[in-house]
Amino acid sequence: RGEFAASRQVPLGPRGERLLDVIAAAGGTRQPVHQTMVQVSRSGSSAAMALDAIIADPAQNIRLAPADVVTLLHQPYSFIALGAVARSAEIPFEGRDISLAQALARVGGLRDNQANIRGVFIFRLEDPSALSPDARGNVALTGDGRIPVVYRLDLADARGFFVAQDFMIRDSDVVYVSTAPGAELREFLSTITSLAFSAIAIGNTIAPDQSGGN
């Protein structure tokens with residue numbers, strides 16, 4: 001079902017065909033591979049994974065069972081850029097491999113006469129496991145079990161440019177570049193931390209393996 005080139009029933013052999021074999025037998029996906037999610041429904045429960053992740057990891061190419069339902073879902077990725085950037089917009093991107101540096105380049109970079117390079121922020125609903133217990137604190141979870149987090153990058157420090165190449169943007173992130181200098185920036189930080197979660201300096205408290213993708 002879904003974004004198959006030709007949705008149909010696929011007969012299974014005694015051992016069961018593997019997931020990618022069944023997708024190929026149904027003509028593959030009509031959408032780009034990096035924008036396709038694969039959902040498998042079995043016995044009343046469902047699980048989903050990105051098609052490119054299944055291709056990259058043979059362990060995820062599971063054998064299917066009779067009565068399994070495989071659905072291909074189109075899931076384009078995008079982030080929103082706001083503030084002192086050359087172009088405020090929702091920006092689509094390919095798959096999940098785009099760094100903060102690339103994201104800023106795609107919106108034309110920072111506005112030279114307005115941007116405060118000490119205040120580059122990424123607003124994200126984060127999985128609680130991505131943060132240490134001390135960083136999580138007692139912040140209430142959202143309805144889907146995630147934590148609102150604000151990551152902050154200081155580009156006045158030359159090391160920040162290397163960090164920006166390693167910090168990976170995720171689907172639905174909001175990238176905001178502050179225009180506020182000095183005391184106004186501190187007031188802005190106070191405002192966002194009261195609304196969401198304590199601002200985290202990228203590269204300091206975030207775990208190394210959580211600086212990109214899910």
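**Salt bridges and exposure in a predicted model**

Tutor: In this predicted model, D154 counts as partly exposed, at 25% relative accessibility.

Student: Why is D154 called partly exposed?

Tutor: Its relative accessible area is 25%. Buried requires under 20% and exposed over 50%, so D154 falls in between and is partly exposed.

Student: What makes the pair R118 and D154 a salt bridge?

Tutor: The closest N and O atoms of R118 and D154 are 3.2 Å apart. The cut-off is 4 Å between a side-chain nitrogen of Lys or Arg and a carboxyl oxygen of Asp or Glu, therefore the pair qualifies. R118 lies in the loop between α3 and β7, and D154 in the loop between β8 and α5, 36 residues apart.

Student: Why is the contact between the side chains of R118 and D154 also called polar?

Tutor: The distance is 3.2 Å, and a polar contact requires N or O atoms within 3.5 Å.

Student: How do you know whether R159 is buried or exposed?

Tutor: The relative accessible area of R159 is 61%. The threshold for exposed is over 50%, so R159 is exposed. Its salt-bridge partner is D157, at 2.7 Å from N to O; D157 has a relative accessible area of 28% and is therefore partly exposed.

Conventions: Residues are numbered from 1 along each chain as its sequence is written. This is a predicted model: local features need pLDDT of at least 70, side-chain atom pairs count only at pLDDT 80 or more; totals for chains, interfaces and linings use all residues. Side-chain values use heavy atoms; hydrogens and water are left out. A polar contact is a pair of N or O atoms within 3.5 Å; within protein, one must be able to donate a hydrogen and the other to accept it, and residues adjacent in sequence count only if both atoms are side-chain atoms. Helices (H or I, at least four residues) and strands (E, at least two) are DSSP runs, numbered from the N terminus. Buried means under 20% relative accessible area, exposed over 50%, partly exposed in between (1.4 Å probe, protein chains only).
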